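User: Hi, I have a few quick questions about this model. Can you walk me through some side chains?

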Amino acid sequence: MATPKVLATHRLFDAARKTLQDNCDVEYWEKSERPPREEVLRRVKDKEGLICLLTEKVDDELLQAAPKLRIAANVAVGYDNIDVPACTKRGVVATNTPGVLDETTADFAWTLMMAVARRLGEGDVLARSGNWKGWDLDQLVGTDVWGKTLGIVGFGRIGRAMARRAGGFQMRVIYTDAVRAPADAEKELRAEYRDMNELLAEADFISVHTPLLPETHGLFNAAKFQRMKRTAFLINTSRGPVVDEAALVAALEDGKIAGAALDVYEKEPVIHPGLRRSNVVLAPHIASASLETRTKMACMAAENVIALLQGRRPANVLNPEALKG
Ligand code: GLV
């Protein structure tokens, strides 16, 4: 049997390449800049497998250009870049990388929360500037994190990892989700359920962990900011379009909330210029970017592709209807 052909739109990590090398004939996009769309469409033509990043749209256009494609493996847990129904219609299995990035992403959401509360971005700029005149009693005074109320929006794996971290900071945890967590999970995580409006009114820090869905698109809008405490902060490591950026900028300008810390944006890599404010911490979509975790994600995507192309069921199938037999 011929070795199946696979396109990887990134050079990936050595561990993933090693896994792939004995099992597939992989064409890698080796350059550090992202491949132009035409290149992807041209290179995917004769491939049975695709390993792609969340910056690649796997839509009708791509699927049409790839008549032999059997699997599209996203190296990400979020898969709003993949038109899953379009994949299913063409019998293409879609996979993602759940589970391996929860703790790393929660670590980073926590980092953002601490950074914005304690004004680390501003402090870093001052310390490097050459203009720092030394310790002063009221210099860059921020807000305590410990002992405050953390509001988690989206209580899946990452939201729960966030809740677990709150114990060490003596925080009260409240959460909201479309589905209430089982009582034993609430008990273990010391998290109390609230409806969205209650959470908005009570939380000092709101950390967003929902997937991007039609129901969560623009979830944080002007009305939501209006309900938040004027002293509260918004942290978003989920997907940019969950927050209406223009409404966020207006809320920050009007002092409706105290600040924000963001890793994701509505139109990446474009960042709304109104977000470049001293009470906003900005990161370039790196919440899962530890070497350990990104390596695991790449390996997971590689294993998904190998499994399918060898006739086994991949571990992380998003559209089981597309599996044959
Ligand atoms: C990163 O944003 C991911 O979805 O894995």
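User: What should I know about the model itself?

Analyst: It is predicted: local features need pLDDT of at least 70, side-chain atom pairs count only at pLDDT 80 or more, and totals for chains, interfaces and linings use all residues. Residues are numbered from 1 along each chain as its sequence is written, and side-chain values use heavy atoms, with hydrogens and water left out.

User: Where is glutamine 310 found?

Analyst: In the segment after helix H12 (291-309). Helices (H or I, at least four residues) and strands (E, at least two) are DSSP runs, numbered from the N terminus. Glutamine 310 has a relative accessible area of 43%, so it counts as partly exposed. Buried means under 20%, exposed over 50%, and partly exposed in between (1.4 Å probe, protein chains only).

User: New topic. How many aromatic pairs are there?

Analyst: Rings of Phe, Tyr and Trp (its six-membered ring) pair if their centres lie within 6.5 Å; planes under 30 degrees apart count as stacked, over 60 as edge-to-face and the rest as tilted. That gives five aromatic pairs. In one, the rings of phenylalanine 155 and tyrosine 175 are stacked, because their centres are 4.0 Å apart and their planes at 15 degrees.

User: Where do phenylalanine 155 and tyrosine 175 lie?

Analyst: They are 20 residues apart. Phenylalanine 155 is in the loop between strand E6 (149-153) and helix H7 (157-166), and tyrosine 175 is in strand E7 (residues 172-176). Both are buried.

User: What about phenylalanine 205 and phenylalanine 233?

Analyst: They form a stacked pair, 5.4 Å centre to centre, with 10 degrees between the planes. Phenylalanine 205 is in strand E9 (residues 205-208) and phenylalanine 233 in strand E10 (residues 233-236), so the pair ties together parts 28 residues apart in sequence. These two phenylalanines are buried as well.

User: Now the ligand. Which residues surround the ligand?

Analyst: Leu54, Ala76, Val77, Gly78, Leu101, Arg239, His285 and Met297. A residue is near a molecule if one of its heavy atoms lies within 4 Å of it.

User: What lies 2.7 Å from an oxygen atom of the ligand?

Analyst: A polar side-chain atom of arginine 239 does. A polar side-chain atom of histidine 285 also lies 2.7 Å from a ligand oxygen. Alone, the ligand exposes 190 Å², and the protein buries 89% of that. These areas come from the Shrake-Rupley method with a 1.4 Å probe; for residues, only the protein chains shown count as cover.

User: Is glutamine 170 buried or exposed?

Analyst: Glutamine 170 is exposed, because its relative accessible area is 56%. It lies in the loop between H7 and E7.

Methods
Polar contact = N/O pair within 3.5 Å; in protein donor to acceptor, adjacent residues only side chain to side chain.
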